[in-house]
Amino acid sequence: MSSLRSSDIKPLGHSVSDSLDDFFRTLNGHMPKNLYDLFLDQVEPPLLKATLRYCHGNQSRAAEMLGLNRATLRKKLKQHKIKPDAVN
């Protein structure tokens, strides 16, 4: 098995940029409201779920990877109605 090189990884920003371009195209000139909150509500849950899966449900490890304290992670999980034991 070959090792993963940084040149093998597409920067996350490229995927986000492509998704945002698609989103703005679908607006057909309409102005979105509260775009920042809308973006966070759409992006934060999959980020939390994927990180918890990567950490096999270990909230302390996931919080550390995310740069959050564990209490903040738990607050965000509750806010997005994510059950940490259901992400594996």
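1. After helix α4 comes K81. Its phi is positive, near 55 degrees. Keep in mind that this is a predicted model.

2. Helix α3 can be read in the same way. N58 caps its N-terminal end, with a side-chain oxygen 3.1 Å from the backbone nitrogen of S60. G67 follows α3, and its phi is positive, near 80 degrees.

3. Now look at the inside of α3, which spans residues 59-66. Q59, A62 and A63 are buried there. They sit on the same side of α3 because they cover an arc of only 100 degrees around the axis. What do the buried residues of α3 pack against? Their partners are α2 (35-54) and α4 (70-79).

4. The structure holds two salt bridges. One pairs K76 with E44, with the closest N and O atoms 2.9 Å apart. K76 belongs to helix α4 and E44 to helix α2, so the pair ties together parts that are 32 residues apart in sequence. Is E44 buried or exposed? E44 is buried, with a relative accessible area of 15%.

5. R25 and D22 also meet in a salt bridge, at 2.3 Å from N to O. Both residues lie in helix α1 (residues 12-26). They are three residues apart, about one turn of the helix. R25 is exposed, with a relative accessible area of 54%. D22 is partly exposed, at 42%.

Conventions. Residues numbered from 1 in each chain as written. Predicted model: local features only at pLDDT ≥ 70, side-chain atom pairs only at ≥ 80, totals over all residues. Heavy atoms only, no water. Buried < 20%, exposed > 50% of the residue type's maximum accessible area, 1.4 Å probe, protein only. Helix = DSSP H or I, 4+ residues; strand = E, 2+ residues; numbered from the N terminus. Arc of directions from axis to C-beta. Contact = heavy atoms within 4.5 Å. Polar contact = N/O pair within 3.5 Å; in protein donor to acceptor, adjacent residues only side chain to side chain. Salt bridge = Lys/Arg side-chain N within 4 Å of Asp/Glu carboxyl O.
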